[in-house]
Amino acid sequence: MTGATPDIPAPLPAEVDVVVVGAGGAGMSAALAAASRGLDTVLIEKSAYFGGNTARSGGGVWIPGNYALKAAKQVDDGDLEAARTYLDTIVGDTVPKVRRDTYLDRGPEVLDFIKETTPLRFVWVPEYADYLPEQPGGRPRGRSVEAVPMDARFLGKELDRLHPAYTKAPANLIVMQRDYRKLSLGLRTIKGPLIMLKVMLMRLVSLVLGRKMFAMGNAIAIGLRKGLVDAGVPVHYETDLSDLLVEGGRVVGVVVTRDGVRTEVRARRGVILGSGGFEHSQQLREKFLPQPTSSEWSTGAPSNTGGGLLAGTAAGAATDLLDDAWWGPTIPLPGRAWFCLAERNLPGSIMVNSAGQRFMNEALPYVEATHEIYKGEATGVSHVPSYLVFDQTYRNRYLFAGVAGRQPFPGRWYKEGVVTRADSLSALAEKVGLPEGSLEATVERFNGFARTGVDEDYHRGESAYDKYYSDPKVKPNCSLAPLEKGPFYAVKIVPGDLGTKGGLVTDEKARVLREDGSVIGGLYAAGNVSSAVMGNTYPGPGGTIGPALVFGYLAAEDIANAEETS
C-alpha cells in the first residue's frame with residue numbers, strides 16, 4: 001500500500017506540495033483533503049501503525065447537523081443555532097468564537113467529503129446524550145454518530161498496520177457504542193443477552209465467510225486509510241518528526257529521522273501537524289499537567305510523546321490549554337489502564353476520597369469528573385487515588401472492566417492492590433486505609449438517598465447523561481441503589497486520560513499562530529497537537545475526533561486556496 005514491503009520502506013521524497021505528520025484521524029483527514037485538491041502529498045507516521053488515538057477510541061463523532069443525524073431525523077431547523085448556543089455556553093471565551101462557529105458551520109461538509117472519498121459511513125448513536133445536556137442548547141437525545149462496521153479485507157496486508165486497540169477483543173467481535181450500555185447491564189434486561197447473542201452470531205458468520213469486521217474507532221481509521229490508498233497518498237511509517245524547516249519565518253518542510261538517519265523533506269505549500277498530544281511523555285506531563293500524573297494512566301497511543309508540540313514551539317508557535325486533557329477516571333489495571341465509563345454510573349456504586357467521603361456526582365461526564373478529582377489536591381484531602389466502592393449485588397449484576405457479572409476478578413488485580421475486598425465496610429476501609437468509621441457513615445447517608453431517589457449532596461441521576469449508563473429496572477432513581485450486601489469491593493481510581501488537549505494555538509483555518517497572533521506561514525495543526533476548540537470541557541461523545549477530522553480538512557483547504565490565488 002505504501003509502494004514497498006514493510007521490510008524495505010520506500011525512499012522519502014525530497015520535495016512535495018504538502019507534508020502531513022501523523023496518521024491518526026486529523027492527519028489522514030488532512031492528507032485525503034489535500035490529495036483531493038490535486039496537491040502532491042506525503043504522510044509520515046512515527047509509529048509502525050496507522051490510526052493513532054482515533055483507532056483506539058470508541059469511535060464517536062460529535063458534529064451537529066451531519067447527514068447521519070439528518071437520516072435519523074435528529075436535526076431540525078433550529079439545531080445549528082442550538083449547538084452554537086451550547087458551545088458558547090460551555091466553552092465560552094476560552095476559545096475564540098470564530099473557531100467554534102467555523103467548526104459547526106463546516107463540520108457537516110467534512111463528513112459529506114469523507115462519505116464521498118472513503119467507504120466510511122456514519123449512523124446516529126441513539127439517545128447518547130450530550131455530556132452537559134441541561135445547559136442551553138444541549139441535547140438530551142444526543143448528537144453523536146458512529147461508524148458503520150466494515151469488512152476491512154480491502155486493505156490487504158496494510159490491515160496489519162492498524163493501531164492495536166487498548167483492550168483486546170476476539171477477531172470479528174463487533175460491538176457498537178449503541179450496544180455497549182446494554183451489554184454493561186448484563187442479564188438485567190433482555191436486551192443485554194440478545195445483543196450478545198447477535199454479536200456472537202455475527203462473529204460466527206464473519207468467520208465462516210472469511211470477513212475481517214471492525215467497528216468503532218477502528219472502522220474510522222480503516223475507512224480513512226482506504227481513502228488514502230485510493231487517492232495514492234504514500235504513508236511512511238517509523239518516520240519520526242525531528243524538526244521543522246524554517247526559512248524567512250515560514251515553515252518550508254520537515255526534518256525526519258528513520259532508521260537513525262535524518263532526512264529533509266521540503267514542502268512547497270505547507271506542513272500539517274496531526275501528530276497527537278504528549279500523554280506518553282512523563283516529562284511533559286510533569287511540566288504541564290496537574291499532579292500527580294502518570295503516562296501509565298493514559299489510554300492514548302504510546303507514540304504520542306509531544307514531538308509535534310516541541311517542533312511547533314521551536315518554530316515560534318503559541319500554546320494554550322497545556323494543563324488540561326481529555327480526562328477520565330481510570331482503573332490502573334496491571335499492564336494497562338481501563339477508562340472507567342459505565343462502571344461509575346451504574347447504581348450501587350460510589351466514589352470516595354482518602355477521607356472515605358463522596359466528593360462529586362460519580363456519573364459526571366469523564367472530563368468533568370476528573371476535574372473534580374484534581375480539585376481535591378487544593379483542599380488538602382487527596383482524591384488520588386479515589387476508590388469506586390460497591391457491593392456484591394452490583395458485582396453480580398453488571399459488566400465491570402470487561403469482566404462479566406458474577407465472574408471472579410483476576411487474582412492479579414487483588415495481588416497488585418487494584419481491587420480490595422472485605423466482608424464488611426469497616427474491614428474494607430481498614431484494608432484500604434480510610435479513616436475509621438468514615439466509609440460506613442458515607443454509605444449510610446448514600447443509601448438513604450438511594451431509597452428516596454434524590455441525591456441531596458451531588459444530584460446524581462438528575463441529568464439525562466447520568467441516565468444513559470444506568471439501570472432502568474432500579475427505582476425510583478435509575479442511577480442510585482443502596483450498598484448493602486457483602487462482600488464489599490474498593491477499586492482504585494486515578495485521573496487518566498484519552499490524550500492531552502493542550503497544544504499549538506491555531507485559527508479557524510487551522511493555521512498555527514505566534515504569541516502576537518500572527519500566522520506562521522506554511523504551518524498548520526489539527527487534532528491533539530493543537531489547542532482544543534472545545535476548551536476545558538467536552539460537548540459530547542466524539543468531541544475529540546470531530547474537530548480532528550474537520551480542522552485537518554480545513555488546513556488542506558487553506559493550503560489549496562492559497563495555491564490557487566498565488
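The model is a predicted one, where local features need pLDDT of at least 70 and side-chain atom pairs count only at pLDDT 80 or more, while totals for chains, interfaces and linings use all residues. Residues are numbered from 1 along each chain as its sequence is written, and side-chain values use heavy atoms, with hydrogens and water left out.

What about disulfides? The structure has zero of them, a disulfide being a pair of cysteine sulfur atoms within 2.5 Å. For C340, the closest cysteine sulfur belongs to C478 and lies 17 Å away, which is too far for a bond. C478 is buried as well, at a relative accessible area of 15%.

R460 turns up in the loop between α16 (438-452) and α17 (464-468); helices here are DSSP runs of H or I with at least four residues, numbered from the N terminus. With 0% relative accessibility, R460 is buried, and its side chain reaches the backbone oxygen of S479 at 3.2 Å.

Turning to the helix pair, α1 (residues 25-36) packs against α8 (residues 216-231) at about 30°, the axes being 10 Å apart (axes are lines fitted to C-alpha atoms over the stretch in contact, and angles run from 0 to 180 degrees between N-to-C directions). That makes the two helices roughly parallel, a label for angles under 35 degrees. Residues that meet include G25, M28 and A31 of α1, with A221, L224 and R225 among those on α8; contact means heavy atoms within 4.5 Å.

Note on methods. Buried < 20%, exposed > 50% of the residue type's maximum accessible area, 1.4 Å probe, protein only. Polar contact = N/O pair within 3.5 Å; in protein donor to acceptor, adjacent residues only side chain to side chain. Parallel < 35°, antiparallel > 145°, perpendicular 65-115°, else oblique.
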